[in-house]
Amino acid sequence: MFAYIIRRLLLLIPVLLIVGVIAFMLIHLIPGDPTTALLGRDATLEQREALRDQMGLNDPLPVQFMNWITDAVRLDFGDSLFLRMPVTEALFDRVQPTGLLTLYSLSLAILIAIPSGVIAAVRPNSLADRLLMVMSISGAAIPGFFFGILLILLFAVVLGWLPSGGYVGIGDDPVQHFRYMVMPALALGFSSAGLLARLVRSAMLDVLHQDYVRTAYAKGLPERHVVVKHALRNATIPALTVIGTVLATLLGGTVVIETVFNIPGMGRLVVQSVTRRDFQVVQGAVLMVATIEVLVMLILDILYVYVDPRIRYGSD
Amino acid sequence: MVLTDAAIAGSGKSSTKMGRLRLSSITPASKYYWIRLLLENWVASASLAFLVVMVLVAVFAPLIAPVEPDFVNPLVRLSGPSSDYWFGTDELGRDIFSRVVYGARVSLLVGITVMVGSTILGSLLGLIAGFYPRVDVLVMRVIDGLEAFPGILLAIAIMAAFGAAVQNVIIALSVVYVPNIARLVRGTTLMNSRELYVESARAIGMRDFPIMRKYILMNSISPLIVQCTFVIAFAILAEASLSFLGAGVPPDVPTWGGMVSAGQPRLQQAWWASVFPGAFLFATILAINLVGDGLRDAFDPRSRER
């Protein structure tokens, strides 16, 4: 177990390095002189030269990369040209809405997926099973922003139950906070709920045909007990492996959903920075999200070994 | 019975081409058996029919659209669906139906070209990684690195650097979906390269590249085709999201994602400006996914159990 964790940690280094190279290259992908893109066409030669010096664009590329990555490791992503503040500060100011939104939609997806997946597996081809199928197929096909707009149309415009967009901090007014977050969380989590439910269903179907489940039934245990205690526990393991992918989808989706519901989070900031051509912010956000994703994957991999002792990954 | 007659006719030496084709189509071992299986699946064939219509709409957009998509008529601003304007008009008085018709062009163009781009690049990487264990480590770390970025975020970042243009959307999304294809091809390559026929091919002196092309890639073709359909769907969804965010195709080009976004501020007065383009987007992605599911079942009927 310990050797596995060490090995997994060492594997992290090349991946993070490549993540760094990709994020670094983004600014260097800008065709032509990046200072033109950053300062606009009207900037004087002096202004450009000053910015080149400030950004270190006159140094050789490897030197630039080393400088940049050592700063990035210390969470220094440079300054936002538009906001006139450090990128890290700008991002941390907007972490709360994005983090909470991702958390709510993940919880919502799991809360929907497990019961519906289990019911569908226990009664295959029933009405519930078919409904789940329709939900997961349409969930995979509907764009998050369009689902969000349909929700706004129904719950905000027609029924007037919920606000159509905006954000209230959880510390300011928890009740209002949840009223503002219900629709975004549903819009973001719906497609993942469908995917997870399908996985739970197929994992449950596998498990329900196992000998130990038959034995459990044979010794007269009630169905509810067999399904929850014997089957579900084993069926959650395969579902756990996709949580990392689901989280990546959700984190990416926050960009779109925050724009739909006008939530002042990191995703909204990234989109605004693209229109303002504020590349430092885009680069910093991309790097930060990718790093979070890599770390979450690591934790899930370790958790996976912990939950399922049969897996030893050949390391010990 | 028709088939049996054709089969008998086809067994003769002087049979027509027609007869022979029919004969081959009834044997399960036929190369095109999967097409029949696909068409027997009514959900998949209905979806395929819908997609064919959408492709025709995109190709013949100028003939189908009643007016130019950019034609501004301030007299009919924000008018609801009617016999003149089937899907209503937007805040400038442009015909939503015409814009939806033209929007199909961008969506399908991006979907198909991204699929081609990421499939070529991804298969190449996957083949090389699966075939040469030494390169594998390097290629897979790059793939891991690319996959660490949520797809849409990476696409936004690339678009931010390149600027808004259709070809940049295609490049950005092709890069984003390379890992998807590369992983699949690497997996099948690893499996196939251990097969006896690859060893035999090597024994008779075939070079690596022809082996990869003829024996390994060709044996991964059916899962690859299924994956390709899903990449088209992902790419259409991603292009729409980029255009919705204003980070995709330039705003003057009508796109479904851009139209949904443009209609959002006036949802209360004119729901049609967002809902119709969104519905077409949803239906197209749904149809592609259903064809993909159908193809998977047709290639491997066992998968239908799940």
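A salt bridge is counted where a side-chain nitrogen of Lys or Arg lies within 4 Å of a carboxyl oxygen of Asp or Glu. In this predicted model, A:Arg74 and A:Asp71 qualify for that reason, because their closest N and O atoms are 3.7 Å apart.

The same rule gives a count of 13 salt bridges over all chains. Side chains of opposite charge can pair when their charged atoms come close. Another pair in chain A is made by A:Asp301 and A:Arg8, with 2.8 Å from N to O. These partners come from distant parts of the chain, A:Asp301 sitting in helix H13 and A:Arg8 in helix H1, 293 residues apart. A:Arg8 counts as buried, at 15% relative accessibility, while A:Asp301 is partly exposed, at 25%.

A further salt bridge joins A:Arg123 to A:Glu223, whose closest N and O atoms are 3.3 Å apart. Here, too, distant parts of the chain are linked: A:Arg123 belongs to the loop between helix H6 (95-122) and H7 of chain A, and A:Glu223 to helix H11, 100 residues apart. A:Arg123 is partly exposed, with a relative accessible area of 44%, and A:Glu223 is also partly exposed, with 33%. In chain B, salt bridges with shared partners connect B:Arg141, B:Asp144, B:Glu147 and B:Arg183 into one network.

Attention now turns to the place where the two chains meet. On the side of chain A, 48 residues are in contact with 42 residues of chain B. Together the chains bury about 3800 Å², and 82% of this area is on carbon and sulfur atoms. Within chain A, the residues that lose the most area to chain B are A:Phe145, A:Phe146 and A:Ile149, which together account for 15% of what that side buries.

How many salt bridges does the rule find across the interface of chain A and chain B? The rule finds zero there, and the count of residue pairs in polar contact between chain A and chain B is one, with both residues at pLDDT 80 or more. Several helices of chain A each supply at least two residues of the side that touches chain B: H1 (2-29), H7 (127-141), H8 (144-158), H9 (174-208), H11 (223-260), H12 (266-276) and H13 (279-307). The largest share, nine residues, comes from H1 of chain A. By class, this side of chain A has 38 nonpolar, five polar and five charged residues.

Two residues give a view of the inside of the chains. In helix H11 of chain A lies A:Ala235, which counts as buried with a relative accessibility of 1%. Apart from residues up to four places away in sequence, A:Ala235 touches A:Ala203, A:Met204 and A:Val207. A:Phe147, by contrast, is 88 residues from A:Ala235 in sequence and 30 Å from it in space, C-alpha to C-alpha. In chain B, helix H9 (residues 166-192) holds B:Thr189, which is buried at 0% relative accessibility. Leaving aside neighbours within four places in sequence, B:Thr189 is in contact with B:Gly126, B:Leu127, B:Gly130, B:Phe131 and B:Ile216.

Aromatic rings complete the picture. The count over all chains is 17 aromatic pairs. One of them is formed by B:Trp86 and B:Phe97, a tilted pair with 4.8 Å centre to centre and 50 degrees between the planes. B:Trp86 lies in the loop between helix H5 (61-64) and helix H6 (96-131) of chain B and B:Phe97 in helix H6, so this pair ties together parts that are 11 residues apart in sequence. B:Trp86 is exposed, at 53%, whereas B:Phe97 is buried, at 12% relative accessibility.

A second tilted pair consists of B:Phe87 and B:Phe280, with 5.8 Å centre to centre and 45 degrees between the planes. Since B:Phe87 lies in the loop between H5 and H6 of chain B and B:Phe280 in helix H14 (residues 272-299), the pair ties together parts that are 193 residues apart in sequence. B:Phe87 is buried, with a relative accessible area of 13%, and B:Phe280 is partly exposed, with 23%. Ring pairs also link these residues into a cluster made up of B:Trp86, B:Phe87, B:Phe97, B:Trp256, B:Trp271, B:Trp272, B:Phe276 and B:Phe280.

Note on methods: Residues numbered from 1 in each chain as written. Chains lettered and ligands numbered in written order. Predicted model: local features only at pLDDT ≥ 70, side-chain atom pairs only at ≥ 80, totals over all residues. Heavy atoms only, no water. Contact = heavy atoms within 4.5 Å. Buried area = accessible area lost by both parts, 1.4 Å probe. Polar contact = N/O pair within 3.5 Å; in protein donor to acceptor, adjacent residues only side chain to side chain. Helix = DSSP H or I, 4+ residues; strand = E, 2+ residues; numbered from the N terminus. Nonpolar A, V, L, I, M, F, W, Y, C, P; charged D, E, K, R; others polar. Buried < 20%, exposed > 50% of the residue type's maximum accessible area, 1.4 Å probe, protein only. Phe/Tyr/Trp six-rings, centres within 6.5 Å; stacked < 30°, edge-to-face > 60°.
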